[in-house]
Amino acid sequence: MYYINGSSTISHQASFRNPGFAKNMQPLAKGSEVVKPDYKEFIDAKLIRRMSQILRMSIATSVDCLAQANEKNAGAIVVGTGLGCLQDTEKFLQTIKTVEGLIPPTSFIQSTHNTISGQISLVLGNHNYNMTHTQNSLSFERALEDATLLLDEGTDNVLIGAADEAIPVLDTFAKNLGHHNEDLTSGATFLSLSNKRAKSGKVIIEACEANGRVEKHHEHLKHFLERNEVAFGDMDLILSIAPISDENTEIKAIDITKYSGQYLTNAAFAVQVAIDLISNRSHSFASINNQSPIKRVLVYNNLIPGNLGLTLLRSIEA
Amino acid sequence: MGVAITGIGAISAIGNTVESNLACLLNGQTGIATANLLKHPKPILTGEVKLTNSAIKEKLDLPDTPNSRTALLGMMAAKEAWGKNIARPDLRTGIISSTSVGGMDITEQYYLDLVASKAIDKQLIYTHDSGNTTERIADLLGISGYINTLSTACSSAANSIMLGARLIEQGKLDRVLVGGTDALTSFTVNGFGSLMIYDSEWCRPFDKTRAGLNLGEAAGFILLESEKSLAVTGNKVLCELTGWCNAADAYHQTASSPDGKGATLAIKGALAKAQVRAEQISYVNAHGTGTKNNDLSESTALINVFGKTVPPFSSTKAFTGHTLAAAGAIEAVYSVLAITEGICLPNLNYNTPLEETGLAPVTQVTKAEVKHVLSNSFGFGGNNSSLVFSKASL
């Protein structure tokens with residue numbers, strides 16, 4: 001039983017510091033942009049200038065998340081990112097390909113995937129466990145599994161999150177791969193997870209599991225639910241990352257990518273939507289209308305065929 | 001009781017197998033030389049693996065389709081560590097690799113074409129992401145399910161090993177192949193150049209005159225097994241992983257703190273986890289990159305933990321170059337060898353101690369009864385990890 005005592009998301013939706021945002025959220029229009037907060041409220045103005053979008057989003061949501069949980073610091077920092085710090089990576093790549101002689105190191109320094117977790121530790125002055133998982137579409141779930149492992153080992157108050165950023169050249173990548181209609185977006189979500197419930201905690205993570213190179217998604221889901229003693233009918237809502245192509249008609253899911261746009265860790269956005277719907281006792285989302293408030297949600301991450309991430313959340317009251 | 005290690009695999013500038021790596025370590029023969037395979041505008045010293053991509057594909061019996069060098073090196077080492085083991089439904093098997101560059105060796109070749117909107121072979125594009133390198137290694141060995149990749153710069157592989165041990169300790173997996181891989185790239189060679197810490201001469205870890213690192217490329221893997229798994233596989237236990245700890249320095253994005261705070265926390269945490277007292281450590285395989293900053297900070301951390309009696313220690317990076325995300329993995333293999341062969345490994349190119357600490361590393365292969373080895377890996381982002389390897393069932 002893992003309590004979510006704080007959660008924060010910056011995305012292309014008005015998700016940041018906006019409780020209840022999910023209920024009436026609309027699918028993204030083409031060419032949408034990140035809904036940016038005033039970063040100066042969360043990050044030292046001197047530092048912001050050098051920070052790429054992924055760092056700004058990650059630090060602001062981390063700081064906000066801890067504030068919600070009423071925690072000064074974290075027992076551990078765990079981050080998942082599918083493609084890491086793309087803006088700085090591309091900037092340095094561009095530099096070495098086009099500039100001769102002395103080249104500035106800043107973008108190289110900030111190009112490593114763990115710049116995100118490292119910068120959070122610097123901002124918080126945090127000396128604890130600091131980890132970065134990068135398993136393309138399962139990066140968020142791998143980080144979340146690590147966080148639950150830490151909680152089981154006795155570390156408390158784990159700050160766990162996921163972030164990815166889109167850069168213009170990604171569209172060229174996507175076109176080369178034959179994807180012409182994808183809306184590539186950016187987002188960051190951080191959660192404050194604990195073995196103990198804080199006043200702010202209204203939702204728990206019941207279980208999280210991810211598997212790579214799996215063929216029969218539905219079988220995995222069935223076993224996952226069995227292990228956690230949950231029946232199909234116990235789920236009020238399934239948020240999937242891609243349309244579900246499964247003969248099983250029991251699965252009625254909303255494709256969350258229509259709302260977040262596509263990035264490799266948007267399952268974390270789906271988790272934020274679930275938290276927001278459950279905490280605000282919403283009855284409906286998109287085409288799903290329930291008699292009673294939504295209490296249990298499954299985030300079904302099927303973005304890449306063969307990779308399956310399953311995250312089960314429920315209301316503390318349930 | 002720690003977690004059993006039953007398989008090891010390594011490929012680096014000093015050899016394509018564990019056996020050939022050991023031979024060079026015993027002979028004091030470095031693998032660092034002027035770069036041959038990596039195209040660089042001027043001569044540069046690197047620790048290259050002496051096999052072309054085509055040669056590796058041939059050895060692995062792979063089709064000549066795009067594959068990042070990072071994945072190919074990883075396959076070589078993972079296959080050696082995996083040995084004759086087979087995937088089986090009664091054992092939950094996982095793989096955790098680590099890399100800092102992923103498929104950058106491929107991406108940096110076609111990037112300008114991509115920006116110019118030229119059509120690129122999509123098989124090339126798929127090689128880019130770090131997670132993909134691990135999936136390809138998993139595919140080669142028939143491992144599915146728990147496939148994961150960590151990326152914490154130069155401490156990455158130590159963290160993979162640590163995560164694997166935790167998953168076994170918590171009963172989530174029965175056995176797990178853990179390690180890391182990184183190919184040489186223009187990206188990283190230029191990156192460390194831009195930081196002014198790329199030595200144009202052979203790197204000199206822990207020497208007063210040290211002036212930076214030489215990059216290398218490598219991959220290393222070790223197979224961790226639970227007692228349940230051992231009962232099924234009957235594999236021989238080489239030694240055990242008994243201690244691990246990761247801590248953040250939280251000092252600077254790239255530089256290590258002068259007081260070695262993060263490193264000290266990691267070493268102390270690993271010893272505590274292993275329930276080993278400082279004086280019981282027989283040998284320390286240090287991070288020892290050869291940069292002014294790391295070697296001083298690490299020496300300070302060693303003194304913080306061990307006081308006046310720092311155990312025999314050395315950095316093996318003057319053999320292999322700094323292999324970034326693979327460093328913790330090949331050095332884990334070397335730590336296992338230190339125990340199984342009963343040796344402390346030499347630190348090449350050392351003459352004069354650091355004025356600040358006066359510490360002198362081991363410079364010759366030294367026979368010893370090695371019971372516990374401490375291995376350090378420290379990375380960008382202040383990411384510090386230490387592991388303790390122990391003789392089986394001590």
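**Note on a two-chain predicted model**

1. A:Glu229 sits in the loop between helix 8 (217–227) and strand 7 (237–240) of chain A. Helices (H or I, at least four residues) and strands (E, at least two) are DSSP runs, numbered from the N terminus. Phi of A:Glu229 is near 50°, a positive value in a residue other than glycine. A:Glu229 counts as exposed, at 72% relative accessibility. The cut-offs use relative accessible area: buried is under 20%, exposed is over 50%, and partly exposed is in between (1.4 Å probe, protein chains only).

2. This is a predicted model, in which local features need pLDDT of at least 70, side-chain atom pairs count only at pLDDT 80 or more, and totals for chains, interfaces and linings use all residues. Residues are numbered from 1 along each chain as its sequence is written, chains are lettered from A in the order in which they are written, and side-chain values use heavy atoms, with hydrogens and water left out.

3. A:Asn157 also deserves a look. Its phi is positive, about 60°, although A:Asn157 is not a glycine. The residue lies in the loop between helix 6 and strand 4 (158–164) of chain A. A:Asn157 is buried, with a relative accessible area of 9%.

4. Now the interface. In contact (heavy atoms within 4.5 Å) are 53 residues of chain A and 63 residues of chain B. The two chains bury about 5,000 Å² between them, 61% of it on carbon and sulfur atoms. Buried area is the accessible area (1.4 Å probe) that two parts lose on being put together, summed over both. A:Phe108, A:His127 and A:Arg213 supply 15% of the area that chain A buries against chain B, more than any other three residues.

5. Four salt bridges are counted between chain A and chain B. A salt bridge is a side-chain nitrogen of Lys or Arg within 4 Å of a carboxyl oxygen of Asp or Glu. The side chains of A:Arg213 and B:Asp139 form a salt bridge at 2.6 Å, N to O.

6. B:Arg136 belongs to helix 6 (residues 130–141) of chain B. B:Arg136 is buried yet has no salt bridge. Which side chain of opposite charge is nearest to B:Arg136? B:Glu135 is, 6.9 Å away. Here Lys and Arg count as positive and Asp and Glu as negative; His and the chain ends are not counted. Not counting residues up to four places away in sequence, B:Arg136 touches several residues, including A:Arg213, B:Pro66 and B:Tyr126.
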